[in-house]
Amino acid sequence: MPIILDKVSHVYGQDTAMAVTALKNVSLVIPDGQFIGLIGHTGSGKSTLVQHLNGLMKATSGSIYFNGEDIDAEGFDKKMLRSKVGLVFQYPEHQLFETDVFADVCFGPKNLGLSKKEVELRAYEALKLVGLEDAYFYQSPFDLSGGQKRRVAIAGVLAMKPEVLVLDEPTAGLDPKGRDEILDQISRLKKETGMTVILVSHSMDDVAKYVERIIVMNKGSVMYDDAPREVFRHYQELEQIGLAAPQVTYIMKDLQDHGYDVSDEATTIEKAKEEIKSWFARLSAVGKGR
Amino acid sequence: MLRDITLGQYYQADSVIHKLDPRVKLGTTIIFIISLFVFQGAWGYAVAALFLALVIKLSKVPFQFMVKGMKAIVFLLLITVIFNLFLTPGEPLVTVWKLTITKEGLRMAVFLSIRLGFLIIGSSVMTLTTTPNQLTDGLEKMLKPLNKIKVPVHEIAMMMSIALRFIPILMEETDKIMKAQLARCADFESGNLIKKAKSLVPLLVPLFISAFRRANDLAMAMEARCYRGGDNRTKMKPLHYEKRDYIAYAIVACYVILGIAAGKLMPLLVSGIIQLV
């Protein structure tokens, strides 16, 4: 179900001396099934933005439409919205509270008023989706490792069967291995379920590998909204706002500057590898021709 | 959601009141509160109002900030006023159905609301112009003599400043966890009392866990820096009385004398004038 944001603004502490504008006239269309990266420096308003998507925060001005309906309209079912737009917060493992993993994952679907059987089925499916082994299901969530806790927390949101999944910095505080595992899992999830996924991050390297569209936020407004390689063309502007293009982009640019005839459009290591390989192939072809 | 509470908040400004030694401000606040109960009659309160107005003016804190603190006690104030108004025995003024407003009740209600209002505004002037750290520093130094009778003054002050420091952090944390559970369709509002209490479990368990985690981290960080209590510990910003602090004490003394005198003498003076006329 598409989400449309129409000139959404949000001001913290309005009408006080300490008013801060967190969002300024943000207009976006989020169609079904896209894999989107939402990128911005700390304080750029990305977390504020995602909390508007499921109605946790109310826009100071502007409106948000979910499936064509204004979410701030009277009588709009916010509970339904929150089950359809699953939001996984930063450090989601801090929200765990039940005595065992399975019961915690059941919390979301139980709140939807489903039958016990359906609740348990969904919890089981969600735990399978995030790749947690059965042996952990009835352990206390507090005995798990950081990465496992995070999976359980993500499963807690997935169990509501959302159509849009928003993850706020899902890799914060994880080691490189844990980070890759979580991101691969999310990407697999996206392929299996076909849901819309919005990945919030401040690391281009994390995002470039997976997403098909990047939205760059700066000081509360949308700066770029395009395919990854189009966005990375502006790497100098990105640096000015405290972000950076993926490291491979810099390598390819350097190669270009040194007179090698390679394209600088590669955004992932795999693509860069192919590009360099094809350059070698071209070189040897030329060599043979000579 | 919980960010709007201003009671106990610090307001940054460059004023004489901000620069005063925290001991002066603590002492003055205590004296002011006592004076509100010692002073008698309208004249005493007039002096207190004048004093309060002077301090607020000097502090450069917008008046609306102090009124905001009042919002928290509006309910308490209302109950006090209503009870005093209707339940004080004395000369009846108005009777509505079975409730009687007496002259004494009216007097009590007015004075009590003035007292409570001044009390809140007076103490919020102190918290608005003093950082929690200064406050606990001041308290520690004031209570230092109690060390002789084995009261762990430094430890108490340390605990106070940590507790104060953690209030905003825990409030933010509550907000965060609440939102995370709301995102899982948690319902904190509907249902009867038992259901509501039960619905707080998903909020309280993570909150306690995070409080313990933070406490543990802090204790580790303190131990890693070899922190050990108060003996021979020096301060980064030691407290010294300066000229302005002595002047402030003198003003407070004048205020107390003036207030008592006004309460006792003015009624005599007024009745004297009336008799003469």
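Two bridges join β4(A) to β5(A), and these strands run antiparallel; strands count as paired if DSSP finds at least two bridges between them. This is a predicted model, in which local features need pLDDT of at least 70, side-chain atom pairs count only at pLDDT 80 or more, and totals for chains, interfaces and linings use all residues. Residues are numbered from 1 along each chain as its sequence is written, chains are lettered from A and ligands numbered from 1 in the order in which they are written, and side-chain values use heavy atoms, with hydrogens and water left out.

**The sheet of chain A**

- Four strands of chain A form an open antiparallel sheet in the order β2-β1-β4-β5; strands (E, at least two residues) and helices (H or I, at least four) are DSSP runs, numbered from the N terminus.
- β2 (20-30) and β5 (69-70) of chain A each have a single partner strand, so one side of each edge strand is left without a neighbour in the sheet.
- Strand β1 (residues 3-12) of chain A is joined to β2(A) by seven bridges, and A:I3 has A:I30 as its bridge partner there.
- β1(A) also pairs with strand β4 (residues 61-66) of chain A, antiparallel and over five bridges; A:I4 stands opposite A:Y65.
- β4(A) and β5(A) form a hairpin with two residues between them, and A:N67 in the turn has a positive phi of about 55°. A:F66 stands opposite A:E69 in β5(A).

**Aromatic pairs**

- Over all chains there are 15 aromatic pairs, meaning rings of Phe, Tyr and Trp (its six-membered ring) with centres within 6.5 Å; planes under 30 degrees apart count as stacked, over 60 as edge-to-face and the rest as tilted.
- A:F102 and A:Y138 form a tilted pair, 5.6 Å centre to centre with 40° between the planes.
- A:F102 lies in helix α3 (residues 101-111) and A:Y138 in the loop between α4 (116-129) and α5 (146-158) of chain A, so the pair ties together parts that are 36 residues apart in sequence.

**The interface of chains A and B**

- In contact (heavy atoms within 4.5 Å) are 20 residues of chain B and 25 residues of chain A.
- The two chains bury about 1800 Å² between them, 64% of it on carbon and sulfur atoms; buried area is the accessible area (1.4 Å probe) lost on putting two parts together, summed over both.
- In chain B, B:K179, B:R184 and B:C185 lose the most area to chain A, together 39% of what that side buries.
- One salt bridge (a side-chain nitrogen of Lys or Arg within 4 Å of a carboxyl oxygen of Asp or Glu) is found across the interface. The side chains of B:R184 and A:D104 meet in a salt bridge at 3.1 Å, N to O.
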